[in-house]
Amino acid sequence: MRKILKGFIFVVIFSFIFTYMFSVRVEAQSQSEEEQILETMHSISSHTLFGYVKELASEKYKGRLTGTEGFNMAAEWVISNFKRWGLQPAGNKGSYLQAFKNPYTLILDGDEAYLHIPLKRGDEILKHYILEKDFIPGSTSDTGEVTAEVIYVGYGITAPELGYDDYKGVNVKGKIVMMEREVPVSTKNEEEFKKWRPYSFHQYKVKNAKAHGAAGMLYIYHITNPNCVFIKDFILTYINKSIVEDLFKGLKYKHKEVVERIKKRKKTFSFSTGKIMTIKNRTEHHPEGVAYNVLGMIEGTDPVLKNEVVVVSAHLDHVGMDPYLVPGANDNASGDAVVLGVAEALSKSPIKPRRTVVFALFGAEEQGVKGSEYFVKSPPDALKGKKIVACFNSDGVGRGNKIFAIAGKNYPELFKKIKNANDKYVHRVINANFFNNIARPRLDAAHFMWAGIPTLSFSTYGIPLGFDNYHKSSDKPEYITPEIMEDLAQILYLTLLEM
Ligand SMILES: [Zn+2]
């Protein structure tokens, strides 16, 4: 008994001394580790990141529409940086790329939209609208022109199972249809929205208009937007309020009243505006288009944990030319700059994460969130046998003084790590929401979440206030606030090491 007690005391004392020695050692080491980490963190500079934004938003990449030479050049530029920093290829066949099929359409000069105003004496005057200010050529329109009566068709939906058909009672054969985007129910009403969801896609609306014999379409969605489908002999034009108002002139109801009425009653209300318009687009369709995701990685230091992957992502592509340059400085050269900033810091960092980090710059986000979908559903060769455990996506992170983490409340554990890094070293305002992710995908984060991967998608907001340059030629570097990108990149670098 005494022997056992003696042994026990010995073990206790020994383990106490050992623990003490060990903890002192760890503390001394982590002190210097922390210094090293902070030094690397401070090497991430707003000046460098702003330089990346200016590079990607510049004329030579022509708005980075996926499939075009401009996009491919941007991808090459990213790869040259990955190589410079010693990142390993994380794509297919030992490359930094993952390719997939992706048709695209170029918008050329010579696009027009005008209203025919009949005069009493029989002839007419033409009211010409201004490109970008009043209208934008549909980014997937066929080339050609159509002059026809304009028929208002509400949301452009034919849903027999919902007892709803915007085309009931109107003949649109050879005509131009005008319609709203989305559906007459809100995503807040989750159960109800799910039934309507298939009809919320732009692709569906265009196909349904064509199926009813329409020759052209005025879409009340005034942005450059290639997230749609090319249909032969179908002319698509995106319009602003100015044109909508002209088309509703002299009618019994105002446009706003009609929309409210449809939403409230869930009953269609379609009619001829009695106006005649001409829409003319000059485009070039490329069915043979190929898209790329650009992927680089830093392998984890832990022999087991390295099979777990944390993805740091942003979409590289934008909407191209409309036919003016749409530079996409905030959308999403800012996100790319953050990813590059983190990649550079982590590659130079003397301390590396135990898990593998993949830096993913997706293609074809603007054409229907295709790149991230392809990446999640068919992982590249380099990731075979590995498991993606988290994703930090950045989309529109170049303007404002506050950070927003979409889905932060879906994944509180992940968000806590971001908050901790911020609270300790960076001190920005960071807010988060719960993201139900039931609408059509509009962020790369959507596909990661649907695959069950904890994901945060960052955007920025606040002062200086945002203004309407979303998918417009005014989305230029001069409106970027570089400091917010630096802070987000620093938070991500710290969080990756913390994980
Ligand atoms: Zn966009």
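A nonpolar core is a set of buried Ala, Val, Leu, Ile, Met, Phe, Trp, Tyr and Cys residues joined through C-beta atoms within 7 Å. The model described here is predicted. In the largest nonpolar core there are 93 residues.

**Nonpolar cores**
- Within the core of 93 residues, the members that touch the most others are Val53, Val294, Val338, Val342, Val358, Leu488 and Tyr493.
- Another core lies apart from that one and has 39 residues, among them Val150, Val153, Tyr199 and Ala209.
- Leaving out residues up to four places away in sequence, Leu488 touches Val338, Ser394, Val397, Ile403 and Phe458.
- In soluble globular proteins, nonpolar side chains tend to be buried together.

**The chain as a whole**
- The protein chain has 499 residues, and 47% of them count as buried.
- Its secondary structure consists of 12 helices and 21 strands.
- Along the principal axes, the C-alpha atoms fill a box of roughly 115 × 50 × 45 Å.
- Of the contacts between residues at least 6 apart in sequence, 83% join residues at least 24 apart.

**Val339**
- Val339 sits in helix α8, which covers residues 329-348.
- Val339 counts as buried because it has 29 C-beta neighbours inside 10 Å, and the cut-off for buried is 20 or more.
- Beyond its neighbours within four places in sequence, Val339 is in contact with Val312, Ser313, Ala314, Phe359, Leu361 and Ser394.
- From Val339 to Ile125 the separation is 214 residues in sequence and 53 Å in space, C-alpha to C-alpha.

Key: Residues numbered from 1 in each chain as written. Predicted model: local features only at pLDDT ≥ 70, side-chain atom pairs only at ≥ 80, totals over all residues. Helix = DSSP H or I, 4+ residues; strand = E, 2+ residues; numbered from the N terminus. Buried ≥ 20, exposed ≤ 12 C-beta atoms within 10 Å, placed from the backbone. Contact = placed C-beta atoms within 7 Å.
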